[in-house]
Structure formats: structure tokens, C-alpha cells
Amino acid sequence: MPKRTDLKTILIIGSGPIVIGQACEFDYSGTQAVKALKEEGYRVVLINSNPATIMTDPEIADATYIEPITAEFIEKIIVKEKPDAILPTMGGQTALNAAIELYEKGILKKYGIELIGAKVDSIKKAESRDLFNIAMEKIGLEVAKGKFIRSFDEAKNFVKEVGFPVIIRPSFTLGGTGGGTAYNLEEFENKVNRGLTSSPVGEVLIEESLIGWKEFELEVMRDVNDNFVVICSIENFDPMGVHTGDSITVAPAQTLSDKQYQVLRDAAKKIISEIGVETGGSNIQFAINPVTGRVIVIEMNPRVSRSSALASKATGFPIAKIAAKLAIGYTLDEIPNDITKTTPASFEPVIDYIVVKIPRWDFDKFRSSNPESDVLGIQMKSVGEVMSFGRNFREAFQKAIRSLEIGRYGFGADGKDIYDTEYLLGLSAVEKAENKEKILSKLKVPRSDNIFYIRYAFLTGATVDELYDATKIDKWFLNQLKDIVLFELDLYTYSFN
Amino acid sequence: MEKITPDIIRKAKRNGFSDIQLAHIFKTTESEIRKFRFKNGIYPVYKTVDTCAAEFEANTPYHYSVYEKYNESVSSDREKIIILGGGPNRIGQGIEFDYCCVRCVKALREEGFETIMINCNPETVSTDYDITDKLYFEPLTTEDVLNIVKYEKNVKGIIVSFGGQTPLKISKELEKNGLKILGTSSKDIDIAEDRKKFGKLLDNLEIPKPEYDTVKTLPQALKTANKIGYPVLVRPSYVLGGRAMQIVYNDDTLKSFFEEASKFSGEHPVLIDKFLEEAREIDVDALCDGKSVYIAGIMQHIEEAGIHSGDSTSILPPISLSKKNLNEIKKYTKTIALALNVIGMINIQFAIKDNVVYVIEANPRASRTVPFVSKTTGVPIASVAAKIIAGRKLKEFELKDFESLDYISIKESVFPFQKFPRAKMFLGPEMRSTGEVMGISKSFGAAMAKAQDATGNPLRTSGNIFISLNNNDKKPKAVNLLKRFEELGFGIFATHGTNKFLRENKIKSEPVFKVNEGRPNIVDLIKNGEIHLVINTPLGEESRFDEYAIGWAAVQHKIPFITTLSAAQSVVEGIARIKSHDLSVKSLQEYYKN
């Protein structure tokens, strides 16, 4: 379909200040979107309160508003600029929330403005737990079992159904205060009661725990003709339980069989159709039980995301730009691929290398009395990330570590190890065993520095199986890390001079 | 032991081992490893990110390294400039430097150079393949940069001053390896960064600076602190972002803090500076071509000196500087920029106390405030700086004077305290904000109201405020401030001490318990939604528990939480503006038109 000619002016909502979980990836996507729409001859109005962005440079959009991203201020801009449509999928959760607020306050209707890229119904279906679960059930996909409860008795009945471990999340508390995981009834009783007290509405969500499951993401796009492409598959090195933003991730997925991948691909197609994202990109997250192979749909973001920025850089496929063009009516087969010039955007990217992303944390700045403050969990804590390319995982992984600027130049053996290789190798068998146990027990709790402790564990003689039991990191990755260590050990048998 | 062979090194490279790792493993130096590699022809080749695994032809110059055969990155005959990006985002080094790099690349392309960007952060605009002529997605280490340079011919030089600390850290090594650093020379950068050399320069130029000294032992530290006079700012040298930095008021605190500072300092000395208490802090961004200087913006901080400039609230143009001080700041900026032979950007921080303007530090490179100044004035500072570095002169540009603006911009910082329960919430010399917002308007109050709104903690126009003042702050300034709140119709709750002070000064307020005094206490009131603004000025080392509990309750309930009287004063202006319904919107393009 050709592009829409009934639209003249389009308002793009940015993502506001950089906060943990919403960083400059939205400057990247927003800048691409503004450029793509201008290229097509539309007048583009932009709102973003963050002056440090490229997108707010006066030459990028036609009218640039550095104003608070609230319904109140957006309405003032609407009155002045009279946009025909709003593209809310480029500015992260901030922009989606603003769009929903505009809808609910009747502002969209009042000024006759259309949302493009994602409709209100789709956004709601993707974001509301209930609506999403109903939608998944309809297309025969599983979600994690969960229930809102208001008393311990109710909770006990539910836990009988799903079994331990379970996750307890009190409703409406900030930063997951009062939540946690329970492995037995005693813990469960304590944590549910604590959760009920700390929740201002006395409500707790009990959810079946997927901790230790494998986590995958698919970056997908769909157009008005129901054409569908997977731009990239991403595998989380860290198992479920660690936020994707705090997890090392790898593209393309490494440990899926072709059959499993097709299962996810088919599921993704069904999900994006059912949720109803007609014109744009989405990020869909899956968990796979490493033993049974059971697939659970975790969530879907009906917008560009941190992962889509990563997928764009990893493949060369400019997701935000293409999403902007889909939003104005083009179909995937009508948009040329910038890189090859000869193929259309409906060709799925193929890559012949591996990309590794590693998060960067800044815990030092928030030293506190809380010994758990650097434990990684369901709430994202990293402030940035690096990505690197390699022909194999080992190469990309070591390059990524040295990109981090944390004073490390690879997977250990750089003179910065807390335990030197020679020291660990020189320990007696008893000392090695003691150290191994200590290290393995540390590794049971995900922390930002665990990766280096995996190396120490290998040097004290830990096996891949032992490390798997401690970390639930897929054995394929553990074997890769082991290979690096073995290679290092081999190097010591040579002299340089 | 068998002697190492080129094959094994090549294999190590294919497993991702860096030269530094190999040097450590073989107990030699990085440069010896590199020499061995280059002698034996062990370089990476560069492959293209082409979306199609080379099935179709692609000419996109987006590359990554692997240790294989067949290089796909073709070097043209054009004159090239390499720009080093900012690496991963972290606190203190964020999107601002991505902005500066992108502007730099665009400007150099306009000047006809081929631009080559090296960066490893996938979130950025600078790693978008259509921003630069050529993009290498690679780590920003000496090794990786030198590998790339080997393939690129006709390189005019490399720019390290736009990407923040990341590229600067490796600039000396790159220069040692024969690369030409463009812009301000590394000799002059060193003068600006070395405390002793910079202090001497200021003395020669007869520019005031806070007294300071460097010490290595605790007895020396105590002696120096007493000689300079408390309070002093104690910090390790050669540590970035204000880590392990503290304002110290007496011998006891110095004794307890010294150990930590010297631990971070390692073999380097610890710095002890006179802390200019309650001084006003000023930030200046300027451009220099070696001959003349353009002052792009003078920003006044709302918070007093002692709070990291990246965490403070800045106002542009300044609203309450005397003509005399303003002129001194301009004069000093020009003198310093010329003395350092700056080619490109320079940022200088000043403090004003008792009508004396002191220079705190100077950084001859892109600063965090460059995008804020540019968005306010419309002058693309980073672009002009890039063109100056490429050989242009300031007089070739028509640059607007920031003092001619008839509107005001305020930059406000955004903090991640929600994510770090129990971390200290009071601002200090260590930067902790993740991002920033800007409020722009005709009036100061409206700009302030917008900035607050943009941070997600909008100011309420009615309700109650809670105030707890430390003894230093119990002054007429505070009384006037609270009168304004009273006039605006706010109820006032105060801790017992502050309540007493307010009553003595005829301001009506209700006493409320501190957290450990009984219940219901202030945290209960916050939780019950009865408080709409918290003003709590920190009291040194004491009542940590209260500070945390109140701060955390405020963060959780999204109530503006203010820790300095000056910030509270600005907030009152903001509230007054919101009440008068005077918050209109205007695009940057319209602002710049006049």
C-alpha cells in the first residue's frame, strides 16, 4: 500500500530524561523516526524534555518542543500545532503512557487525532496482565500461572495448584518492596504475610516461578497486509530471574534447535497478530523450561525497545526507521533495505557472526548498608551497555568485556583478577575444594561480578555440571567459557622470549 | 618450555584474547605483544554488517573485526578524521557525549572530511551506520584503535575531546603510537588536569583559586587541613566522577575518612582543597581557536558549591550575578582558554564567595552541559568546535550572545534512588544522577515549574510542606522563604527545633515527630498523603536514619524532595507561576527566531 496522504503533521513523543531502564536507545529510535517521516514529506513535531538528545536538535524535527511529557503539555502542543496523528511507539514506556493518558482524558477524540504505530486497544492488550492472558489463551499459548490474593488461605490454595517455588509480588509497592521467592510453606507464609502488610491495598500476586528457565527474545515486525518478519532472535545468557536489561545477551540465539526456534517464531506471529500491532515492531519475550521444554510467553512490548536498538545494531536492520514507515501505511515489501539497496525490508536479516551485549553497572555510586544492593533480580539496575561482534562466542564475549571500561581486558588473565591463575592452580587439593565450594555458593546469587567467579570456579576444578547447578546458565555457554579458560591454561605452557 | 608461535597467538586472538591479557600471561608488555603481532602479520580484518550474510552485495561501511583473511573495509583516498565515541553509558558519562560526537561527525562531513566513528555502545545515535562515513563497532582500547588505524590511509588525525573521559583515557597511548591528536595539544590538556601545573598557571595569571595541597599521610593531612582551615574537600587524585570525595569539617571526620580516600588514591597523593562553603557555583562553556574566545554560556547553579555540577540545577542565562562578577568570569575564561592554547571547547567551573571569583577547574574538552547550552541558545557549539579543530577560525561564524536571550532555561537532574533502597539521598561531590531535563520559558518561575514537572515530580500548588532545617540554615533567608509558602496558602509542618525557630519568627507551623521521636511521625504523614513538598536540609553526619526514612518515603510517594534552601527558593517561584496559569509552550525554532 502506498503511504497515507491524509496525514500532514505527525507528533512524535520522546522518552524524557535518561533513567535506569530507559536510556539513549530512544534517542536513536526517535531520531530515526523523525528523519524517516520527514523524508516522506510529513511535517514532524517533536516533544521531549531531555535537552541532551540528538532528536531535539532544532534541525531534526520541524517543530521541537522541550517541554514536560505530560498530557497537559502535549495538549497545549496539539492546540498549537494541530497534528493529524501521534506516533507513540518511539519513546519507550514514557511515550506509550502519555498516549494512553491522552486517550483516556478524551484529548485524542477532542482534536480528532489518530494514534499510528500502535492502537490504544493493542497497547492495552499488551500491557494489562488480564487482557494479555486472555489473548494468549485464545491463541493457545501459555503464560506463567498467577493469581492476585488477599489472604494467606487464598494464597495457600493457589500454591497447591502450582507448586513451589513461587514468586510473591505485593501490589502497588515501589521497587518490589516486600516481595520475594518462596521455596517452602514456612517461607511462603512469612513472605505472603509481609507482602500483604506492605501492599497499600493489601493485595499480593502469587506467580509460578520461572527462575532458572532459559530466556529468549524475538524482535519482530508486521505490516498492514499481515506480512511478518523476525529481525533477530536474542538469547539471554543469564537465566530467568535476572532482568533482560541486567543480563548478558547473545544474538542470534545459540542454544535453540531449529524446531524450537520455529515454535517461537510461530508463536510470535500469532501474538503480534492477536495483540493487533498492525504497523510496526514488537519485542516478545519467552521462557523455556530447560528440562521439559515447556514454552511460556513472558511479555510483549508493542513498541521499539532497548532490545530493538540492540537488534538493529546487531543486524544492520534499522527497526525504528522501518517501523516509522510501516506506521504511515507502507508494507514491508515496499521498503528497500538501505544496506543492500536491492532487497526489500521483507527479507529477514541473516547474520554470520555472533553479537554479545554486556550491561554496565554503577553500584559504587549507591553504596549503602544494604548487602543485597548489587544482587541482580527482576528490577533492572544497569546504567548502560556495550555490544561486540565476533566470529564465535568466545571472541565476542572477551571483546565485550574489554569494551566495558571497568578496567578489565578480557575474561580474566589480565592482571586484575582477585584470585590469580597461578595462585588458584597452586592450591592443594583440599584448599581447591574449599575454594570451589565457596565460589559455587556465591554464584547461586546473581551479582554483577559473577562472570569472573565462573572463571575462578573452573580454575578450582569445578565442572560444567556443578556450575550449571549453581547458576542455571546453559551448559553451552558454560562450555564456551571453559574453553577460554582451557585455552588460557594452554598458553602458559609456552614462553614468549 | 616451547617458544610461542605466530599460529598460537593468532588462535588466541580468534578466542578473543587481548594484547593486555597475552602480556599478562607471558609476563611481558602490551607493546611487546603488539610488536610480535605486527612483525608476524597478525592483524584483524574488518567484515561488514550487511543484514544478509554476504548473500547480496552491500556497501554499507559498518564494520567489525575478526582474525581471518579477506578484509572488506576499503580505505578511500579522501582525507579522514577519526572520532572516538563515548563507550558505555554510566553515571557521569551519558548521552551528552553521544550528542557531541554526532554533532562533530556532521560538522566534519560538512567540511568535506571523511569521518570514521569508533564506538561500542549499541544504544547510541553515533553508532547508527548512516551518521558517519564509516563506522567501526569496536572496543575503545588502544589495541583496537591501533588495529583500525593500520588500515586507514590519509588520516589527518583523531579527535578524542568529544566522547567524554573514555577517549581521553587512551589519548596519550595513541599519541605515543604515532597518532595525531587533533584540537588542544596533550601538553596543554595535561596542564589543565595536573593540579600543581594548573595551580601555577592560575598564579601566573593572577586568578584566584581555593587554597589546596596534596598529602600522603594522615599527620600531613591534619596539618594541611588546619593550615588551610576547615571545611576542606578531601579526595583521591586520579579518580573520576568524584568517587570517595567528601567535605570534612573537623579533625575527627578527617581521621576516619582519610583511610578511604588514600585507599582509592593508591600511590598517588590525596588532595585537600579549601571548601568554599555556601559559595555560588558557576559553569562556563566556551570555544577558542587559539586566538579568540567565544563564551557560549554562563550557567548559575541553584545549589551551593560542593554538589557535583552534574547533579545540580543550572540556570542559563544566570539570574543573580553582579555585573562585576560576570565580567570577571568572562575575563578569566578568556585568559585561561588562551593560556591553554585551546582549540575547540573548554568548560570552566567557578565559585563565588564574598564577592571573589575563584576558579575551581578547567577542562579543555566537550562538557556535559554542551547540549543544554546549545538547546538554549541555538548555537551548535559542538559543530563549531569541530570545525575549529578542522582549521576554521571563530570569526568565520556568526555566534549569538547568550546574554541577549529574552528567556530562561533550567536544567534539572534526575536520580535513580528508587532503584537503590537505603542509599544516601543527599547530594554531594559525587555525581549520581542518570539524566536531565530542561524547562524553558520567559520567566524563571515558569521554567522551574516545567523542569520539575519534566522530572516526574510535579510541584503541587496547594497542601502542606514539611520542613526540617539544620542550624546553619535557621536564618532570615529561611524565614522569608517560608513566608512565601504561607502566602501561597501552604500549611507548614516542622520538626520541633525548626518549629521553634519558625514560631520565634512569627510563622505558623505544626510540630511533627521525627522518625525516632514517636508517632505519628513525619513518615506517617507522608504515607498518608498529607505532605506535598519536603524540604530537609542535611545536618552533617547526624540523624542519618531520619534523612533516609524521610527521603525514601518522599521518593516512594513522588513528592518533591528538596535538600537545599536555594532550591526551595526556586521552587516557590515555580509554584507561584503555576498558580498564575502561565505555562505556555513554544518550540525551539520559535525561540531562536528572535
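Mentor: What follows is a short tour by question and answer.

Trainee: Ground rules before we start?

Mentor: This is a predicted model, where local features need pLDDT of at least 70, side-chain atom pairs count only at pLDDT 80 or more, and totals for chains, interfaces and linings use all residues. Residues are numbered from 1 along each chain as its sequence is written, chains are lettered from A and ligands numbered from 1 in the order in which they are written, and side-chain values use heavy atoms, with hydrogens and water left out.

Trainee: OK. Where is Thr313(B) found?

Mentor: Thr313(B) sits in the loop between strand E13 (293–304) and strand E14 (314–316) of chain B. Helices (H or I, at least four residues) and strands (E, at least two) are DSSP runs, numbered from the N terminus.

Trainee: Is Thr313(B) buried or exposed?

Mentor: Buried, because its relative accessible area is 2%. The cut-offs are under 20% for buried, over 50% for exposed, and partly exposed in between (1.4 Å probe, protein chains only).

Trainee: What does the side chain of Thr313(B) make a polar contact with?

Mentor: The side chain of Glu412(B), at 2.8 Å. A polar contact is a pair of N or O atoms within 3.5 Å; within protein, one must be able to donate a hydrogen and the other to accept it, and residues adjacent in sequence count only if both atoms are side-chain atoms. Leaving aside neighbours within four places in sequence, Thr313(B) is also in contact with other residues, including Gln300(B), Ile302(B) and Ile410(B). Contact means heavy atoms within 4.5 Å.

Trainee: And strand E17 of chain B, how many of its residues are buried?

Mentor: Seven of the seven, residues 408–414, so strand E17 of chain B is largely enclosed by the rest of the structure. Ile408(B), Ile410(B), Glu412(B) and Val414(B) point one way. Ser409(B), Lys411(B) and Ser413(B) point the other way.

Trainee: Why do side chains alternate in a strand?

Mentor: In a regular strand, they alternate between the two faces of the sheet.

Trainee: Which strands does E17(B) join?

Mentor: E14(B) joins E17(B) by three bridges, running antiparallel. Ile315(B) stands opposite Ile410(B) there. E17(B) also runs antiparallel to strand E18 (residues 435–441) of chain B, with seven bridges. Val437(B) in E18(B) is the bridge partner of Glu412(B). Two strands pair if DSSP finds at least two bridges between them.

Trainee: Which strands form a hairpin?

Mentor: E15(B) and E16(B), with two residues between them. Asp354(B) in the turn has a positive phi of about 50 degrees. Strand E15 covers residues 343–353 and strand E16 residues 356–363 of chain B, and seven bridges pair them in the antiparallel sense. Asn347(B) has Asn363(B) as its bridge partner.

Trainee: Changing topic. How much do chain A and chain B bury between them?

Mentor: About 9900 Å², 58% of it on carbon and sulfur atoms. Buried area is the accessible area (1.4 Å probe) that two parts lose on being put together, summed over both. In chain A, Lys365(A), Phe366(A) and Phe496(A) lose the most area to chain B, together 9% of what that side buries. The contact takes 110 residues from chain A and 109 residues from chain B.

Trainee: How many salt bridges between chain A and chain B?

Mentor: The count is 12. A salt bridge is a side-chain nitrogen of Lys or Arg within 4 Å of a carboxyl oxygen of Asp or Glu. Lys169(B) forms one with Glu405(A), the closest N and O atoms being 3.4 Å apart.

Trainee: What about strand pairing from E17(A)?

Mentor: E17(A) pairs with strand E1 (residues 2–3) of chain B in the parallel sense, over two bridges. Tyr494(A) has Glu2(B) as its bridge partner.

Trainee: And how many salt bridges over all chains?

Mentor: The count comes to 74. In one of them, Lys47(B) and Glu72(B) meet at 3.8 Å, N to O. That pair links distant parts of the chain, 25 residues apart.

Trainee: Is Lys47(B) buried or exposed?

Mentor: Lys47(B) is buried, because its relative accessible area is 9%. Glu72(B) is at 36%, so it counts as partly exposed.
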